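Here are some questions and answers on one protein chain. Each answer works towards the name or value asked for.

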Amino acid sequence: MSLQWTAVATFLYAEVFFVLLLCVPFISPKRWSKIFKSRLVQTIAYYGNTSFIVAIAILVFLLIDAFREVRKYSVTEKVDLTNNPVAVDHIHMKLFRAQRNEYIAGFALLLCVLLRRLATLLSQQATLMASNEAFKKQAEGASDAARKYMEENEELQAKLKDAGIAVPEVGKKPSGVGVQEENKTLKAEVRSLKDELEATKKVLLKSDGDVKAMKKQAENLTVEYDRLLNEHSKLQASSDAQSQDKKSN
């Protein structure tokens with residue numbers, strides 16, 4: 001086996017080992033997810049994407065080359081080599097090696113894609129398991145809260161019954177006669193409140209009008225007072241002037 005096919009076979013054995021390791025049942029998907037998210041694996045994945053693409057390209061090239069070799073040495077049925085048994089053995093050996101190389105390259109390419117898919121599925125399963133646990137805890141918390149509220153409701157109903165307050169049972173409706181009477185009473189109260197509101201509005205409007213009238217009257221009185229005050233000042237001034245003239249005469 002040449003050096004290149006020895007490297008491909010070693011790569012294939014490593015892939016088989018990692019596939020079997022990922023399929024081990026006692027290692028949970030959560031553990032694999034933690035391993036995949038570790039700093040070392042993240043660094044390898046970050047710098048290994050280019051290497052992965054290059055490896056895929058090399059495997060595809062080797063697979064095509066092996067397929068070409070198989071087609072090349074599959075001539076025993078087309079060419080009569082009965083007179084040269086050494087040539088037949090040589091061709092069979094070459095054909096066997098070409099088929100072996102084809103299987104190695106094909107399975108290596110298949111397991112390379114399968115490994116990547118297995119790692120993705122394990123990460124997704126770990127995420128789903130974590131989400132399922134979170135939903136389960138949330139449902140348990142909601143159930144505990146509902147149970148607590150039901151217990152508090154029952155305690156409150158018991159206290160109201162002890163206090164002599166009638167509490168309707170859950171799921172039962174009160175009697176129809178009582179409901180109708182209560183509705184009539186409530187309608188009458190609402191009607192009376194509406195009447196009182198209308199009367200209050202009328203009184204408020206009237207009071208507002210009276211206030212405006214009084215305000216206007218006060219303004220008029222103020223103007224009249226100012227006018228009278230000015231006239232008084234003028235008369236006082238003229239009276240003082242006349243008295244001074246009499247004294248001077």
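Q: Which residues does Glu15 contact, leaving aside its neighbours within four places in sequence?
A: This is a predicted model, and the place of Glu15 in it is helix α1. Neighbours within four places in sequence are left aside in the list of contacts. The residues in contact with Glu15 are then Phe107, Ala108, Leu111, Cys112 and Leu115.

Q: Which side chain of opposite charge is nearest to Glu15, and how far away is it?
A: Glu15 is buried and has no salt bridge. A salt bridge needs a side-chain nitrogen of Lys or Arg within 4 Å of a carboxyl oxygen of Asp or Glu. The nearest side chain of opposite charge to Glu15 is Arg116, at 11 Å.

Q: Which side chain of opposite charge is nearest to Glu102, and how far away is it?
A: Glu102 has its place in helix α4. Glu102 is buried, yet it has no salt bridge. The nearest side chain of opposite charge is Arg71, and the distance is 9.4 Å.

Q: Which residues does Glu102 touch, not counting residues up to four places away in sequence?
A: Glu102 lies in helix α4. Residues up to four places away in sequence are not counted here. Glu102 then touches Leu63, Ala66, Phe67 and Val70.

Q: How many salt bridges does a search of the whole structure find?
A: Side chains of opposite charge can pair when their charged atoms come close. The search of the whole structure gives a count of three.

Q: How far apart along helix α3 are Arg68 and Asp65, in helical turns?
A: Because they are three residues apart in helix α3, the separation of Arg68 and Asp65 is about one helical turn.

Q: Which helix holds both Glu231 and Arg227?
A: Glu231 counts as partly exposed at 38% relative accessibility, and Arg227 counts as partly exposed at 38%. They are four residues apart, about one turn, and the helix that holds both is α5 (residues 176-248).

Q: Which element gives the most residues to the lining of the second largest pocket?
A: The second largest pocket holds about 250 Å³ of space. Of its 13 lining residues, the closest to the centre are Ser2, Trp5, Arg97, Arg100 and Asn101. The elements that give two or more residues to this lining are α1 (3-22), α3 (39-73) and α4 (85-162). With five residues, the element that gives the most is α4.

Q: How many charged residues are in the lining of the second largest pocket?
A: This lining is made up of 13 residues. By class, five are nonpolar and three are polar. The number of charged residues is five.

Q: What share of the residues in the chain is buried?
A: The chain has five helices and zero strands, in the pattern α-α-α-α-α. A residue counts as buried when its relative accessible area is under 20%. Of the 249 residues in the chain, the buried share is 14%.

How values were computed
Residues numbered from 1 in each chain as written. Predicted model: local features only at pLDDT ≥ 70, side-chain atom pairs only at ≥ 80, totals over all residues. Heavy atoms only, no water. 1 Å grid on protein atoms, 1.4 Å probe; cavity = no way out; pocket = protein on both sides within 12 Å on 5 of 7 lines; lining within 4 Å. Points joined across faces, edges and corners; volume = space filled by probe spheres on them. Nonpolar A, V, L, I, M, F, W, Y, C, P; charged D, E, K, R; others polar. Buried < 20%, exposed > 50% of the residue type's maximum accessible area, 1.4 Å probe, protein only. Lys, Arg positive; Asp, Glu negative; His and termini not counted. Contact = heavy atoms within 4.5 Å.
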